[in-house]
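Please have a look at the structure first, and then read on.

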Amino acid sequence: MALRVPAIPFTFVAHTLGIAALVLVLVWNIHFRGGFAWEAANKNLIFNLHPLLMLLGLIILGGEAIISYKSLPLKKQVKKLIHLVLHALALALGIIGIYAAFKNHNESGIANLYSLHSWIGIGVIVLYGIQWIYGFLIFFYPGGSPILRSECMPWHVVFGLLVYVLAVANASLGFLEKLTFLESSGVAKFGSEAFLVNFTALITILFGVFVVISVLSEAPAPIEDDHSYSSI
């Protein structure tokens with residue numbers, strides 16, 4: 001059931017939190033972790049791409065794709081295209097981000113897929129891909145009949161939100177896992193870097209919360225609507 005409040009204020013808060021989370025993860029990896037690289041003697045620079053790409057992709061762009069219907073007073077077809085493209089970019093960045101983690105592990109002699117974070121991460125990227133393909137085929141091209149779209153839409157919304165919530169939860173788990181490794185290597189438990197990582201995780205969670213709230217709130221009236229089915 002939708003909340004009887006306008007979605008627009010929540011989407012503005014979500015945009016702000018998304019920018020804040022991105023800035024914080026950049027500060028963390030550039031100021032504390034030495035920056036980014038695809039090829040480097042210091043393999044940690046390769047891994048630094050992982051949290052950046054995963055946050056920017058699945059969390060921020062994925063969240064923006066979800067709330068695009070609630071923040072853009074545009075025609076439905078335009079919003080559908082924006083929704084589709086943003087999710088495609090999120091999926092692409094997520095795949096590259098996961099590959100960066102594998103690349104770092106392989107070049108550093110570290111085992112892959114040994115943690116709960118990695119298991120959930122693989123599951124999320126697979127489910128995200130399935131959701132995107134499903135949405136593309138049913139709602140974009142070749143597109144299902146109005147009845148099929150109407151029947152599929154609730155499942156598309158619920159499944160999409162579940163995958164997104166799982167992605168946000170796993171991002172938080174990833175921050176915790178990385179910080180645990182860093183503290184085991186000498187990073188102060190109450191130091192500025194630890195504080196920054198924990199604060200970034202909190203901002204990420206809040207961003208996810210406002211994405212979900214915006215979806216459950218009332219969207220502005222669209223420019224045109226065929227009323228064949230409702231969209232997120």
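1. A definition to begin with: a patch is made of residues with over 30% relative accessible area and no salt bridge, where like charges are joined within 9 Å and nonpolar side chains (Val, Leu, Ile, Met, Phe, Trp, Tyr) within 5 Å. A salt bridge is a side-chain nitrogen of Lys or Arg within 4 Å of a carboxyl oxygen of Asp or Glu. Areas come from the Shrake-Rupley method with a 1.4 Å probe, and for residues only the protein chains shown count as cover.

2. This is a predicted model, in which local features need pLDDT of at least 70, side-chain atom pairs count only at pLDDT 80 or more, and totals for chains, interfaces and linings use all residues. Residues are numbered from 1 along each chain as its sequence is written, and side-chain values use heavy atoms, leaving out hydrogens and water.

3. On the surface, a nonpolar patch is formed by Leu113, Leu116, Trp119, Ile122, Val126 and Ile130, with about 570 Å² of accessible area together. Trp119 sits in helix H5 (residues 116–140); helices are DSSP runs of H or I, at least four residues, numbered from the N terminus. Trp119 counts as exposed because its relative accessibility is 55%, and exposed means over 50%, buried under 20%, partly exposed in between (1.4 Å probe, protein chains only).

4. Do look at H1 too: residues buried there include Leu17, Gly18 and Trp28. The buried residues of H1 pack against helices H3 (49–71), H6 (146–184) and H7 (192–216). After H1 comes Gly34, with a positive phi near 95°.

Technical notes: Helices (H or I, at least four residues) and strands (E, at least two) are DSSP runs, numbered from the N terminus. Contact means heavy atoms within 4.5 Å.
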